[in-house]
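Subject: A structure for you to look through

Dear colleague,

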Amino acid sequence: MSIYSDTDIVDLRSDTVTRPSPGMRCAMADAEVGDDVFGEDPTVNRLQAVAAEMLGKEAALFVPTGTMANLLGFLSQTRPGDAVLLSEDAHPFRYERANLAMVGGLLPITLPGQWGKITPETLRGRIVVSDDPHLANTTLASLENTVNRGGGACYTVEETEAFCAVAHEHGLRVHCDGARIFNAAVALGVEAARLARPCDTVSFCLSKGLGAPAGSLLAGPRETVARALAFRKMLGGGMRQAGVLAAAGLYALEHHLRDLGEDHRRAREFREALEREGAVFPMPSPTNMVYLQVRDARAVVDRLRQRGVLVLAVAADRIRVVFHRDIDDAGLRRAVEAFRAVLAESQTPC
Ligand SMILES: Cc1ncc(COP(=O)(O)O)c(C=O)c1O
């Protein structure tokens, strides 16, 4: 039993738990709307134009989720029977319910890489472009920036360019799962457009660290986004007065984007504080995520919950802690204290 009420909870399970800020709620209430399936919602149209411009792409499409944005990136640039290359840690491979195979008829081929980042050499070694009737041809490669399962690792501009150069040399398209591309941009100190430029399509989420209640975008060439629009309809993703949600997205890009660096700072301070206690971190934490290595993740999660701190066990021996805009410095201090206590309760770090 927890002694904490809901309002005391420090929820570090994900940046998706962020709630719309008061300013965002006002922007949603005031949104000008129309029927977006007719292309008549002015707020959606504005968000799509802003997103395309921020990523340096010709066009962008507003969709309900990051999962749909990724799927549309794949569907609009491949055909059933094609092979696609992505990291063994990639979100679309691990956590999107086998939709590449189920919906796209695609053969996902997974590649290893440190912290979920694929090197150009690894990519080159697995591309198949052949007229051998036995083989599935590779037509798309995907990277993730930041890499969720890679501790929030970032592909730099140079790494992205090198990855895309190999793919393009062989006629492949590149999709970037940029659910947290703005976290990468902030951490690297570059414009998101520079990380997006080498990729053909890029998805990003408004509903994570940016704090909107829902919504993602897929940006890319005009004709690819037009194909994605048709697939969005097929998947049931056409929304009507979606401007209410798009207004939240526009507000997030204008007012919340600048705060992502604070999430990164808190993640860093959390890690430094626990490093001094002997906690074990299996990988670097350059953005808003911190992974801890523990002996019994379920037990640690339960003990933290009793202290009002929520985190996720992502493996039997691994915990994920995510900082976001609803965690302030007081929340950070609470989290550090709770972790200290739980780690000290164990003879050896749990
Ligand atoms: C890297 C990455 N891509 C895609 C998604 C999917 O986003 P959604 O939950 O909006 O479908 C997530 C969700 O956590 C993610 O972390």
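**The ligand and its surroundings**

The residues that surround the ligand are T65, G66, T67, N70, H91, E96, E144, N148, D177, A179, R180 and K208. Please bear in mind from the start that this is a predicted model, and that the distances given here are computed from it. For G66, a polar atom of the backbone is 2.8 Å from an oxygen atom of the ligand, whereas for K208 a polar atom of the side chain lies 2.9 Å from a ligand oxygen atom. The side chain of D177 has an N or O atom that is 2.7 Å from a nitrogen atom of the ligand. On its own the ligand has 390 Å² of accessible area, and the protein covers 84% of that.

**The sheet of seven strands**

In what order do the strands of the open sheet of seven follow one another? The order is β2-β8-β7-β6-β5-β3-β4, and the pairing is mixed. At the edges are β2 and β4 (107–111), each of which pairs on one side only, and from one strand to the next the twist averages 20 degrees.

A parallel case is found between strand β3 (residues 83–87) and β5, which are joined by three bridges, and here L85 has A141 in β5 as its bridge partner. Helix α2 (residues 42–55) packs on this sheet, where it touches β2, β7 and β8, and its direction makes about 125 degrees with that of β2.

Strand β8 (residues 216–220) deserves a separate look: five of its five residues are buried, so this strand is largely enclosed by the rest of the structure. Both of its faces are covered, with S216, L218 and G220 buried on one side and L217 and A219 buried on the other. Strand β2 (residues 59–63) runs antiparallel to β8 and is joined to it by five bridges, with A60 standing opposite A219. Strand β7 (residues 201–205) also pairs with β8 in the antiparallel sense, over four bridges, and the bridge partner of C205 in β8 is S216.

**The sheet of three strands**

Another open sheet is formed by three strands in the order β9-β12-β11, with antiparallel pairing. Since β9 (289–293) and β11 (312–315) stand at the edges and have a single partner strand each, one side of each is left without a neighbour in the sheet. Neighbouring strands here are turned against each other by 35 degrees on average, direction ignored. Between β9 and strand β12 (residues 318–322) there are five bridges in the antiparallel sense, and L292 has I319 in β12 as its bridge partner. Helix α12 (residues 260–275) packs on this sheet and touches β9 and β12, its direction making about 20 degrees with that of β9.

Finally, is V129 buried or exposed? Its relative accessibility is 54%, and because exposed means over 50%, V129 counts as exposed. This residue sits in the loop between α6 (120–126) and β5 (138–144). Leaving aside residues up to four places away in sequence, V129 touches N137, T138, H170 and L172.

With kind regards

Key:
Residues numbered from 1 in each chain as written. Predicted model: local features only at pLDDT ≥ 70, side-chain atom pairs only at ≥ 80, totals over all residues. Heavy atoms only, no water. Helix = DSSP H or I, 4+ residues; strand = E, 2+ residues; numbered from the N terminus. Buried < 20%, exposed > 50% of the residue type's maximum accessible area, 1.4 Å probe, protein only. Contact = heavy atoms within 4.5 Å. Pairing = 2+ DSSP bridges. Axes fitted to C-alpha atoms, helices over the stretch in contact; angles between N-to-C directions. Near = heavy atom within 4 Å. Polar contact = N/O pair within 3.5 Å; in protein donor to acceptor, adjacent residues only side chain to side chain. Areas by Shrake-Rupley, 256 points an atom, 1.4 Å probe, with all protein chains shown as cover.
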